Amino acid sequence: IFSWLHYWVLILMMRCVLRTKADWRRLFVVALTAAILVTGYGFLQYGGVQNLGPLKIYESGAGRLQGTIANPGFLAAYLLFNLTLALLLTFDATAKTGQRIFGGLALAWLAIAFSLSGVRGAFLGLVVGLVFFGFGYLFWHLRNSLGRKIGLGLLIAFLLIVSLLFVFRRSASIAQNSIWGRVFNISLSDPTVQSRLVSWRG
């Protein structure tokens with residue numbers, strides 16, 4: 001409760017300080033820049049780099065992307081938030097062209113980092129979030145019927161690809177992949193899932 005109160009105060013402060021959409025966009029750019037730096041460190045870890053000049057890279061070669069947060073689960077949750085900011089910036093028609101391009105590049109960069117974190121819960125959250133975002137963008141934002149049809153086709157294709165990957169998750173090409181094999185290995189009998197269910201019941 002104490003933490004939630006702090007978040008509420010932070011929201012009130014941001015509402016008072018950030019009065020225009022341009023202010024919010026600048027905040028998004030700063031937040032995404034920080035996320036890129038955090039994941040950049042993670043890519044060095046993932047690549048097994050031990051040192052970068054005078055900078056020592058901790059947790060190098062850990063297998064999953066951890067970043068400066070040093071925890072794949074926390075990193076995935078952090079990236080989930082920043083992926084949302086990148087989506088909003090990229091598809092904001094009123095934003096400057098440079099900001100939208102930066103948002104698109106950040107979206108691609110952070111999506112790769114997110115996938116390398118290999119966190120199943122965050123991945124499920126991302127899929128559900130993208131579906132809701134996609135339908136919302138199609139039916140509340142797009143006015144062009146052709147654009148809606150193309151967008152709906154892309155959304156259906158995305159769902160179909162994810163579904164096929166899940167159905168064939170036990171195939172060698174997916175199961176033996178260190179990242180996707182873990183992401184799509186979703187089962188209620190999994191010890192991690194069982195521990196989460198016990199925690200929620202408590």
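What share of the contacts in the protein chain between residues at least 6 apart in sequence join residues at least 24 apart? In this predicted model, the share is 56%.

Figure 1. The predicted model contains nine helices and two strands. Read from the N terminus, the elements follow the order α-α-β-β-α-α-α-α-α-α-α.

**Figure 2. Burial and accessible surface of the protein chain.** The protein chain has 202 residues, of which 29% count as buried. Its accessible surface amounts to about 13200 Å². Carbon and sulfur atoms account for 71% of that surface.

**Figure 3. Arrangement of helices α5 and α6.** Helix α5 spans residues 120-140, and helix α6 spans residues 145-167. Their axes come within 10 Å and cross at roughly 165°. Angles over 145 degrees count as roughly antiparallel, and α5 and α6 are therefore roughly antiparallel to each other. The crossing in which α5 passes α6 is left-handed.

**Figure 4. Residues in the contact between α5 and α6.** The two helices cross at roughly 165°. From α5, the contact is made by V127, L130, V131, G134, F135, L138 and F139. From α6, the residues that take part are G147, R148, G151, L152, L155, F158, L159 and V162. Sorted by class, the contact of α5 with α6 comprises 11 nonpolar, three polar and one charged residues.

Terms used: Residues are numbered from 1 along each chain as its sequence is written. This is a predicted model: local features need pLDDT of at least 70, side-chain atom pairs count only at pLDDT 80 or more; totals for chains, interfaces and linings use all residues. Side-chain values use heavy atoms; hydrogens and water are left out. Helices (H or I, at least four residues) and strands (E, at least two) are DSSP runs, numbered from the N terminus. Buried means under 20% relative accessible area, exposed over 50%, partly exposed in between (1.4 Å probe, protein chains only). Contact means heavy atoms within 4.5 Å. Accessible areas come from the Shrake-Rupley method with a 1.4 Å probe; for residues, only the protein chains shown count as cover. Axes are lines fitted to C-alpha atoms, for helices over the stretch in contact, and angles run from 0 to 180 degrees between N-to-C directions. Angles under 35 degrees count as roughly parallel, over 145 as roughly antiparallel, 65 to 115 as roughly perpendicular and the rest as oblique. A crossing is left-handed if the near helix is turned anticlockwise from the far one by less than a right angle, and right-handed if clockwise. Ala, Val, Leu, Ile, Met, Phe, Trp, Tyr, Cys and Pro count as nonpolar, Asp, Glu, Lys and Arg as charged, and the others, Gly among them, as polar.
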